[in-house]
Amino acid sequence: TILASITHEMIHQKQYRSRGGIRGREFTKFNSDSEDVQKAQEYLGNTDEVEAYGFNIADQLMRSTKDYNKALDVLRGGAKDSLKYSPDLFAYIVAFGGSVNHPIIKRLLKKTTFYLNKIKNKYN
């Protein structure tokens, strides 16, 4: 957990430095009237968070499944089994209405797949 948190924050550091100190794009297209849901969407929908959580989710999937193809199956399954394999993926799916067709979820799945491809050999 500590290593995952440090890696998540290091990704943010790299993002911030690569943009010369300019912040990432904020999320503003809420699909709920609930303040709690809007706060979650605002945080999780930020472009920097999508990328950093993409890494965290890839790492969680590989640690829990020990198999690249099984990790991809979990991503394809959406909410089904996501809590079992990745609490962060489950949190995203809940925050954005349970739909894998939401643009933020689509972006997250692309980032997660990118990181799965980068780290898959680490777990073999």
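Tutor: Start with burial. Buried means under 20% relative accessible area, exposed means over 50%, and partly exposed is in between, with a 1.4 Å probe and protein chains only. One caution: this is a predicted model, where local features need pLDDT of at least 70, side-chain atom pairs count only at pLDDT 80 or more, and totals for chains, interfaces and linings use all residues. Residues are numbered from 1 along each chain as its sequence is written, and side-chain values use heavy atoms, with hydrogens and water left out.

Student: What does His8 touch, leaving aside neighbours within four places in sequence?

Tutor: His8 is in contact with Tyr43, Glu49, Ala52, Tyr53 and Asn56. Contact means heavy atoms within 4.5 Å.

Student: Met10 is also in helix α1. What makes Met10 buried, exposed or partly exposed?

Tutor: Its relative accessibility is 49%, so Met10 counts as partly exposed. Met10 also belongs to a nonpolar surface patch with Ile2 and Ile6.

Student: What makes that a patch, and how much accessible area do Ile2, Ile6 and Met10 have together?

Tutor: Patch residues have over 30% relative accessible area and no salt bridge; nonpolar side chains (Val, Leu, Ile, Met, Phe, Trp, Tyr) are joined within 5 Å, like charges within 9 Å. Together the three have about 330 Å² of accessible area. Such areas come from the Shrake-Rupley method with a 1.4 Å probe, and for residues only the protein chains shown count as cover.

Student: Now salt bridges. How many does a search of the whole structure find?

Tutor: The search finds 3 salt bridges. A salt bridge is a side-chain nitrogen of Lys or Arg within 4 Å of a carboxyl oxygen of Asp or Glu. Side chains of opposite charge can pair when their charged atoms come close.

Student: How do you know that Arg19 and Asp48 form one?

Tutor: Their side chains meet at 2.7 Å, N to O. The cut-off is 4 Å, so the pair qualifies. This pair links distant parts of the chain: Arg19 is in the loop between α1 and α2, Asp48 is in helix α3, and they are 29 residues apart. Arg19 is partly exposed at 28%, while Asp48 is buried at 13%.

Student: Which residue forms a salt bridge with Arg63?

Tutor: Asp59 does, and the closest N and O atoms are 2.9 Å apart. Both lie in helix α3, 4 residues apart, about one turn of the helix. Arg63 has 41% relative accessibility, so Arg63 is partly exposed. Asp59 has 8%, so Asp59 is buried.

Student: What about Asp73 and Arg76?

Tutor: They form a salt bridge too, with the closest N and O atoms 2.9 Å apart. Both lie in helix α4, 3 residues apart. Asp73 is partly exposed at 43%, whereas Arg76 is exposed at 61%.

Student: What does the side chain of Asn46 reach?

Tutor: The side chain of Asn46 reaches the backbone nitrogen of Asp48 at 2.7 Å. A polar contact is a pair of N or O atoms within 3.5 Å; within protein, one must be able to donate a hydrogen and the other to accept it, and residues adjacent in sequence count only if both atoms are side-chain atoms. Asn46 is in the loop between α2 and α3. At 13% relative accessibility, Asn46 is buried.

Student: What stands out about the phi of Lys66?

Tutor: Lys66 has a positive phi of about 60° although it is not a glycine. Most residues other than glycine have a negative phi. Lys66 lies in the loop between α3 and α4, and is exposed at 57%.

Student: Last one. Which residues of helix α6 are buried?

Tutor: In α6 (residues 87–95) they are Asp88, Leu89, Tyr92, Ile93 and Ala95. Seen down the axis of α6, they fall within an arc of 165°, so they line one face of the helix. That arc is taken from the directions from the helix axis to the C-beta atoms. These buried residues pack against α2, α3, α4, α5 and α7.

Conventions: Helix = DSSP H or I, 4+ residues; strand = E, 2+ residues; numbered from the N terminus.
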